[in-house]
Each structure stands twice: as structure tokens, then as C-alpha cells.
Amino acid sequence: MSAPRPLTADPSPPSPYDDPLRDEPGPGAPRCLALYAKLAAGVSVVTARGEDGPLGMTVSAVTSLSARPPLLLACLRDGSRTLAAVRARGAFAVHLLREEQHDLAGRFANPTTPAPRRFAGTDTRQVLGVPVIAGALAWSVCLVADVRGYGDHHLVVGQVAAVHVGGGRPLLWHDRRFRSLRELVPEGSG
């Protein structure tokens, strides 16, 4: 068994090119985005009341967090007007879209579409002071429980205050395209 080597100072400073973690740990953004594109997700529209009227955006990162208390989690892009309204007003709605609502999802996803045009032609009403779009597969109005920034998004946790569940099939997002759900095993067999 050999004795441990004594610690000595390295006479030459390390080159910045020798450090693989010099910018950010892990692979670059293009590789991560390619990975994220393979995640299948339901498509949702998050809405909130802004100072000049309703605001909203399409999101694919929404998940249930807890049944008791009832909590939902939505990831909203940093710097969005919708996120600012959610933070300012303390309430938001999550709409789970039906497969027929891909045009609506596209409208709310386009950053150049002004808010009034996003809501044009939609049947919208106020529930607990939050704009709710009729015709979704399901929707909930949430009161903000927590908001935390991570990278270029914020995690918004909402306590569910109102819920509506309709019928239909969900709109999905996979490989940078809207998709439909199809059953692999017919209902009732197996």
C-alpha cells in the first residue's frame, strides 16, 4: 500500500476549456429541448385577470400535486404577462383542452397574438374573478399558494377553489406537435 500523495499547489492555473462545467452543468439547451420534445403532455391554457382584461397562455407543464389539500402545479414562462397577472391577483384558471381545441391552443401559444385576439370568439365568463373559457375538457380556478422561479420558468402552485369536468378526449403535445389520444386496448377487453 502506498502513502497518500501530499497536496501541492498547481503552478499553472487551469484553462477555462479544461472545465466541462464552466457555463452550465449538463448538456446544452438544444439537446435538452430535444429530450423535452419526447415528453407527452396534456395541453392546457392558463388564464388570469390582467389590469386591462383577461390574459392567458398555452402550457404543457401542468400536473396534480396533492388531493388533500387540492393543489395543482403549472409552469409558466418567466417574463410572461400571464405570470405577472397571476402573481399580482393571486388567482388563475387552468383549462385542460379537448383534442378539437388545437386552434385555440395555437392562438394562446403564439407570443405575437395580443390578448384580445387570443380570447376572440371564446365563450368566457368570470369565476372567482378569473376568466374561464367554456368548452374545455375540464377547468379549475386556483388561488396562488406558492410561486418559485427555476431557470426560465416559474412553478406556480395553486389551491383548487372551483372545478368543472366535462367530456371528450384530451389534446396532447408530443414531438413539437399537437396529438390525439388513441386507445391501445379497446375498453372492456382485458
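Biologist: With which residues is T58 in contact, leaving aside its neighbours within four places in sequence?
Modeller: T58 belongs to strand β3, residues 53-59; strands (E, at least two residues) and helices (H or I, at least four) are DSSP runs numbered from the N terminus. Contact means heavy atoms within 4.5 Å. Once neighbours within four places are set aside, the contacts of T58 are V43, S44, V45, A105, F108 and A109.

Biologist: What pLDDT do side-chain atom pairs need in order to count?
Modeller: Residues are numbered from 1 along each chain as its sequence is written, and side-chain values use heavy atoms, with hydrogens and water left out. This is a predicted model, in which totals for chains, interfaces and linings use all residues, local features need pLDDT of at least 70, and side-chain atom pairs count only at pLDDT 80 or more.

Biologist: What separates the C-alpha atoms of T63 and L73?
Modeller: T63 is part of strand β4, residues 62-66. Beyond four places in sequence, T63 touches L72 and L73. T63 and L73 are 10 residues apart along the chain, yet their C-alpha atoms are separated by 5.4 Å.

Biologist: Is T63 buried or exposed, or in between?
Modeller: Buried means under 20% relative accessible area and exposed over 50%, with partly exposed in between (1.4 Å probe, protein chains only). The relative accessible area of T63 is 39%, and T63 is therefore partly exposed.

Biologist: Which peptide bond is cis, with omega near -5°?
Modeller: The proline concerned, P69, is located in the loop between β4 and β5 (71-77). With omega near -5°, the cis bond is the one from R68 to P69.

Biologist: How many bridges join β11 to strand β12?
Modeller: Two strands pair if DSSP finds at least two bridges between them. Strand β11 (residues 171-174) runs antiparallel to strand β1 (residues 41-42), with two bridges, and G42 has L172 as its partner there. On W173, the partner in β12 is F178. Strand β12 (residues 177-180) is also antiparallel to β11, and the bridges joining them number four.

Biologist: Which residue in the turn of the β9 and β10 hairpin has a positive phi of about 60°?
Modeller: Strand β9 (residues 138-150) pairs antiparallel with strand β6 (residues 91-96) over six bridges, where L96 stands opposite A138. Strand β9 also pairs antiparallel with β10 (residues 153-165) over 12 bridges, and S140 has V163 as its partner. Two residues lie between β9 and β10 in their hairpin, and the one with the positive phi is G151.

Biologist: Which residue forms a salt bridge with E99?
Modeller: A salt bridge is a side-chain nitrogen of Lys or Arg within 4 Å of a carboxyl oxygen of Asp or Glu, and the whole structure contains four. In the E99 pair, the closest N and O atoms are 3.9 Å apart, and the partner is R169. This pair links distant parts of the chain, 70 residues apart: E99 sits in the loop between β6 and α3 (102-109), and the loop between β10 and β11 holds R169.

Biologist: What is the N to O distance in the salt bridge of D146 and R148?
Modeller: D146 is partly exposed, because its relative accessible area is 28%. R148, at 48%, is partly exposed as well. Their side chains meet in a salt bridge with an N to O distance of 2.7 Å.
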